[in-house]
Amino acid sequence: KVLKVVKKHYKPAPPSKDRSLLEHLLFACCLENSPHDAAEKVFHALSTDYFDWNEVRVSTVRELAEALKPLNDSQEAATRLKRVLQSVFETHYSFDLEPMKKQNIGQAVKTLEKYNGSTPFVVAYVTQNALGGHAIPINQGLLESMRIVGVVSDAEAAKGTVPGLERIVPKSKGAEVGSMLHLLGVEMHRSPYGATIRKLLLEIEPDAKDNLPKRPKPE
C-alpha cells in the first residue's frame, strides 16, 4: 500500500552518478533529509567552490551550513559531512576509499558504520550505489511514516529498521523505489504537521488518523 501511494505521487530520482565511494558517502550526507535536486546542487557547489575535500573537512560547521542552505537540514547535514570527513581522514590518512570496493560487502559496511557522523541512511545509500549491494536507505521521516501507517512496530522503528523491505523490493528496482520512498520521508521531516503528509499517510492507511503527529500545544 505504501509503495502504491508513493509511486502515484512521486517520481524516481535519476540514476546515481558515477562517483567514487567517498563522493557517494558525502552525497548521502547531503541527501538524507532533502530532495535529490537540492542535494545535487549543494554537492556540486562543494565540489567546485572548495579546493579539495580537505578544505571542506577543516571548514567550520557554520561555514558549511551556509554552503548547504538549499537543504532542509543544512546545520545537521554540515555536521554529518564534517564528522564523516574527519573520521575518514583519521581512519585512513587519505580520502581514497576505492580499495573498500574490493572488500567483502559486510566488511566494507562495518567500516562505513564506524565513521563518526555516519547514519543508517548514509550506510545504506553507499551500500546500494557504491558497493553494489541491496539496501534501501531509510531516513527518520520515512521510518516515522512507516510506523504511523503500521508497517513497522514502535520497537522496529526504535531500531531503525523496516524488516522485509529488501525482500518486497527487488534489487533491480531498489534505487528507483528507494528514491520515491525517500521523498515521503523528506516530506515528513520538512513538515510533520502539514496537510501534504497527513493526506499521503491517510491515503495509505485511513485508520492511521490517531497516529498522526500532534502539533505541540503552546506552553
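Visitor: Where is the place of Tyr 93?
Guide: Tyr 93 is in the loop between H6 and H7. Helices here are DSSP runs of H or I with at least four residues, strands are runs of E with at least two, and both are numbered from the N terminus. The model is a predicted one, in which local features need pLDDT of at least 70 and side-chain atom pairs count only at pLDDT 80 or more, while totals for chains, interfaces and linings use all residues. Residues are numbered from 1 along each chain as its sequence is written, and side-chain values use heavy atoms, with hydrogens and water left out.

Visitor: What is the phi of Tyr 93?
Guide: Tyr 93 has a positive phi of about 55°, although it is not a glycine. Most residues other than glycine have a negative phi.

Visitor: Is Tyr 93 buried or exposed?
Guide: Tyr 93 is exposed, at a relative accessible area of 66%. The scale is as follows: buried is under 20% relative accessible area, exposed is over 50%, and partly exposed lies in between, computed with a 1.4 Å probe on protein chains only.

Visitor: Changing topic, how many residues has the largest nonpolar core?
Guide: The largest nonpolar core has 40 residues, and Leu 25, Leu 68 and Leu 112 have the most contacts inside it. Such a core is a set of buried Ala, Val, Leu, Ile, Met, Phe, Trp, Tyr and Cys residues joined through side-chain atoms within 4.5 Å.

Visitor: Which helices each supply at least two residues of this core?
Guide: They are H2 (21–31), H3 (36–49), H4 (53–58), H5 (61–67), H6 (74–92), H7 (105–114) and H8 (120–129). The largest share of this core, nine residues, comes from H2. Apart from it lies another core, of 28 residues, among them Leu 142, Met 146, Leu 165 and Leu 181.

Visitor: And what does Leu 112 touch?
Guide: Leaving out residues up to four places away in sequence, Leu 112 touches Leu 21, Leu 25, Met 100, Ser 118, Val 123, Val 126 and Leu 131. A contact means heavy atoms within 4.5 Å.

Visitor: At what angle do H2 and H6 pack?
Guide: H2 and H6 pack at about 155°, with their axes 8 Å apart, and are therefore roughly antiparallel to each other. Axes are lines fitted to C-alpha atoms, for helices over the stretch in contact, and angles run from 0 to 180 degrees between N-to-C directions. Angles under 35 degrees count as roughly parallel, over 145 as roughly antiparallel, 65 to 115 as roughly perpendicular and the rest as oblique.

Visitor: Which residues in H2 meet H6?
Guide: Leu 22, Leu 25, Leu 26, Cys 29 and Cys 30 in H2 meet Ala 77, Arg 80, Leu 81, Val 84, Leu 85 and Val 88 in H6. The crossing of H2 and H6 is right-handed; a crossing is left-handed if the near helix is turned anticlockwise from the far one by less than a right angle, and right-handed if clockwise.

Visitor: At roughly what angle do H2 and H3 cross?
Guide: The axes of H2 and H3 cross at roughly 125° and come within 9 Å, which makes H2 oblique to H3. On the H2 side the contact is made by Glu 23, Leu 26, Phe 27, Cys 30 and Leu 31, and on the H3 side by His 36, Ala 39, Glu 40, Val 42, Phe 43 and Leu 46.

Visitor: Back to the cysteines: to what does the count of disulfides come?
Guide: The count comes to zero disulfides, a disulfide being a pair of cysteine sulfur atoms within 2.5 Å. For Cys 29 the nearest cysteine sulfur, that of Cys 30, is 6.7 Å away. Cys 29 is buried, with a relative accessible area of 0%, and Cys 30 is buried with a relative accessible area of 0%.

Visitor: How many residues of H8 are buried?
Guide: Nine of the 10 residues of H8 are buried, and they pack against H2, H7 and H12 (174–190). One of them is Asn 129, which has a relative accessible area of 18%. Asn 129 touches Ser 16 and His 24, not counting residues up to four places away in sequence.

Visitor: Finally, where does Ser 34 lie?
Guide: Ser 34 lies in the loop between H2 and H3, and at 0% relative accessibility it counts as buried. Leaving aside neighbours within four places in sequence, Ser 34 is in contact with Leu 71, Asn 72, Asp 73, His 182 and Val 186.
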